[in-house]
Amino acid sequence: MVGQFDTSSGTEQNKPMAQAKVIPQYIAGLSAAFGAFCMGASMGWSAPVERMLTEEEAYGFPVSSDQFGWLSSLLTLGATVVCIPAGFIIDWIGRRPTMLALIPPYMVGWILMIFGQNVMMLYFGRFILGVCGGAFCVTASMYTTEVSTVAKRGTMGSFFELNTVSGLLYGYIVGGYLPLLTINILCAILPLIFAAVHFFMPESPVYLVMKGRPEDATKSLLWLRGKDCDVSYELKEILEERTKNADEPKVSILKMLRRPITLKGIGIAVMLQILQQWTGVNAIMFYSTSIFEDVGASLSGRICTILIGATQLVMTLVATLIVDKVGRRILLLVSAFFMAITTCLMGVYFQMKESDEASVASLGWLPITSTLVFIVASSIGFGPVPWLIMAELFTEDVKSIAGSIAGTINWFSAFLVTKLFPLLNNSIGSAPTFWIFSGIGFFAFVWTLIWVPETKGKTLLEIQHLLAGGRKSNPISQQVISSACVNSEVSSFTDRKDQGLYSHSAGVKKC
C-alpha cells in the first residue's frame, strides 16, 4: 500500500491511503473494449446472412457466392490497411479522441449496408467497417492497458478479446432470427452506444504525460482510482518513463527493428499471427452456418452457429483464467494438435459424403462435434495467446511498431483465408480444403515446439535472454538490457493541491 507523501517536507508517512477503486477502471476499460464488440458484431454478420443474400436476394439484387466471399473478406482487408496508421494517429491526437472520431465513419459504413442498392455499396460499407474495427483493435487495447493498475492489467487486458467474441455471438443471434434490415439496424446502433458511454471517460494518463500535461494526467488518475486515492507514486512512475525515453539517444525505428533480438521476436510474433489465421478459424467462423446446413444436421444451421459463438465465449473466459497458471506454450501446443485433428476429421467426413452420401447419413454429428472441438482448441490457445506473447516479446522502444506489424499480418492473413476458403471449396472440394488447414495445424504444433519460448512468469529482461539463446553474457542481450534498463533521476515537481499533484523527489532503482 502506498503511503501518503507529505507535500511540505517531501518525506513519506506511514499513514495508509485509500486503495485504488476497481469499478472506475472496469467502466473505462469496458467502454473502450466495446469497440471490439462492434467489430465482433460486424464479423458475426457474415455467417447468418449468407443465404439471405445469395439465395433469397434480401437486398433485392443478386449476390453471387464469389461476391459474398468479397463481402466477408473486405472487412479484414479494411482492418489490414489501418493498423500501422492507427499506431501513429493515437500518439498524435490521443486514444480517446481517436476512438470517438471513428464513430462517424462507422455509421457511414452501416448506412451503406442498410440502404445498399448494389453490390458495390456493400463492398464499400464492409471495407469501411473493417477500417474502423481495425483501428479499434490498436487503440482500445492500448487504452485499456494504460488506464488499469498493474494488479488489474491482466484482467482488463482480456476485455478486448472477450468483447470481440461477445460481439460475434451477438451477430449470430440477431442474424439467426431477424430479417436483414433489422439485423443491420441492430448492428448500426452499437457504435452510437459506444460513443454515448465513452464520451464521459477520461483520456489515458500515459498519453497526457507524454504530451506534457501532468495536471490533466493527475485528474485522469483520480477519476480512475478514486478521488481519495494517492496517485502520486503512479504519476511519478509515468513521469520517470517519459524522462527515461527523453534522455535516451535518438535512434531510427528501422535501426531498432534490425536488432537481432527484435528481429527474432518479430519472426515469432508474425508467425504466430499467420498460423492463427491459416489454421482456418476465420473461415470456419465466417461460413459456419453454411457448413452445418450442408451436412444436413438435425439442428438448424443458425442454432449450430450460435452454439459455436457461445462455446468460443466460454472458452475465451477459461483461457483468461488459466493462461498464467498453465503457460503460453503448452496452450499453443494443445490448441494446434486438436485443431489439426478436427479439421482432418472434417475433411474425412466431406470426402466420404462426396464418394457415397448414404455412408454419412448417420454421421451428421461428426462435423458439428469437430467444429465445436476446433473452436474450443482455438479459443484456449491460438485465439488469445499470440496477442499475449506479442505484447511480451518486445522492449518498449519497438513494441508499438512491432505490434502494428504483427497486427497487420494477422488481418491480411484473415483476408486471404476468408477470400480463398470459398474459392478452394468450390474448386478442389471441401475435403482437400480442410486437409490443407489440418496440415497447417500440424506444422503449427511442430513449429511451436521448436521455436516458441515460454514467457509465463518471466520479466522482460529474462525474455530477452531467452531470445538471445539464454547466454548470460551475450553482447546482443546486454545491448537490449542497457536499452531497457537505464539510470535516471526524477526531479521534484511542484505541488499543486488544486490539481492533485504531490511534490517529492525519488531516485530510480538501478537495473
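# A guided tour of the model

Start by selecting glutamate 57, which sits in the loop between helix 2 (46-54) and helix 3 (65-93). Before you zoom in, keep in mind that this is a predicted model. Look at the backbone here: the phi of glutamate 57 is positive, about 50°, although this residue is not a glycine. With a relative accessible area of 37%, glutamate 57 is partly exposed.

## Stop two: a salt-bridge network

Next, select Asp91, Arg95 and Glu146 together, and show their side chains. These three are linked in a network of salt bridges. Take the pairs one at a time. Arginine 95 and aspartate 91 meet through their side chains in a salt bridge, at 2.9 Å from N to O. How exposed or buried are the two partners? Arginine 95 is buried, at a relative accessible area of 2%, while aspartate 91 is partly exposed, at 30%.

Now turn to the other pair in the network. Arginine 95 also forms a salt bridge with glutamate 146, and the closest N and O atoms are 2.9 Å apart. Glutamate 146 belongs to helix 6 (residues 119-146) and arginine 95 to helix 4 (residues 95-101), so this pair ties together parts that are 51 residues apart in sequence. Both glutamate 146 and arginine 95 are buried.

## Stop three: another salt bridge

Move on to arginine 225 and glutamate 234. Their side chains meet in a salt bridge, with 2.6 Å from N to O. Arginine 225 counts as buried, with 1% relative accessibility, whereas glutamate 234 is partly exposed, with a relative accessible area of 21%. Buried means under 20% relative accessible area, so the 21% of glutamate 234 puts this residue in the partly exposed class. As background for these stops, side chains of opposite charge can pair when their charged atoms come close. How many salt bridges does a search of the whole structure find? The search finds five.

Switch to a surface view and select Val326, Ile330, Val334, Phe337, Phe338, Ile341, Leu345, Val373 and Phe442. Together these residues make a nonpolar surface patch of about 660 Å². Which helix gives the most to the patch? That is helix 18 (residues 328-355), with six residues. Then pick out valine 326, which is found in helix 17 (residues 301-326). Valine 326 is partly exposed, and its relative accessible area is 41%.

## Last stop: the largest cavity

To finish, hide the surface and go inside. A search of the whole structure finds two cavities of 30 Å³ or more, and the largest cavity holds about 50 Å³ of space. To find this cavity, select Thr262, Leu393, Phe394, Thr395 and Gln464, which lie nearest its centre among the eleven residues of the lining.

Now display helix 14 (260-278) and helix 23 (460-467), each of which supplies at least two residues of the lining of the largest cavity. Helix 14 has the largest share of that lining, with three residues. What classes of residue line the largest cavity? Colour the lining by class to see six nonpolar, four polar and one charged residues.

Technical notes: Residues are numbered from 1 along each chain as its sequence is written. This is a predicted model: local features need pLDDT of at least 70, side-chain atom pairs count only at pLDDT 80 or more; totals for chains, interfaces and linings use all residues. Side-chain values use heavy atoms; hydrogens and water are left out. On a 1 Å grid over the protein atoms alone, a cavity is a set of points where a 1.4 Å probe fits but cannot get out, and a pocket is an open set with protein on both sides within 12 Å along at least five of seven lines; lining residues have an atom within 4 Å of a point. Grid points are joined across faces, edges and corners, and a volume is the space filled by probe spheres set on the points. Helices (H or I, at least four residues) and strands (E, at least two) are DSSP runs, numbered from the N terminus. Ala, Val, Leu, Ile, Met, Phe, Trp, Tyr, Cys and Pro count as nonpolar, Asp, Glu, Lys and Arg as charged, and the others, Gly among them, as polar. Patches are made of residues with over 30% relative accessible area and no salt bridge: like charges are joined within 9 Å, nonpolar side chains (Val, Leu, Ile, Met, Phe, Trp, Tyr) within 5 Å. Accessible areas come from the Shrake-Rupley method with a 1.4 Å probe; for residues, only the protein chains shown count as cover. A salt bridge is a side-chain nitrogen of Lys or Arg within 4 Å of a carboxyl oxygen of Asp or Glu. Buried means under 20% relative accessible area, exposed over 50%, partly exposed in between (1.4 Å probe, protein chains only).
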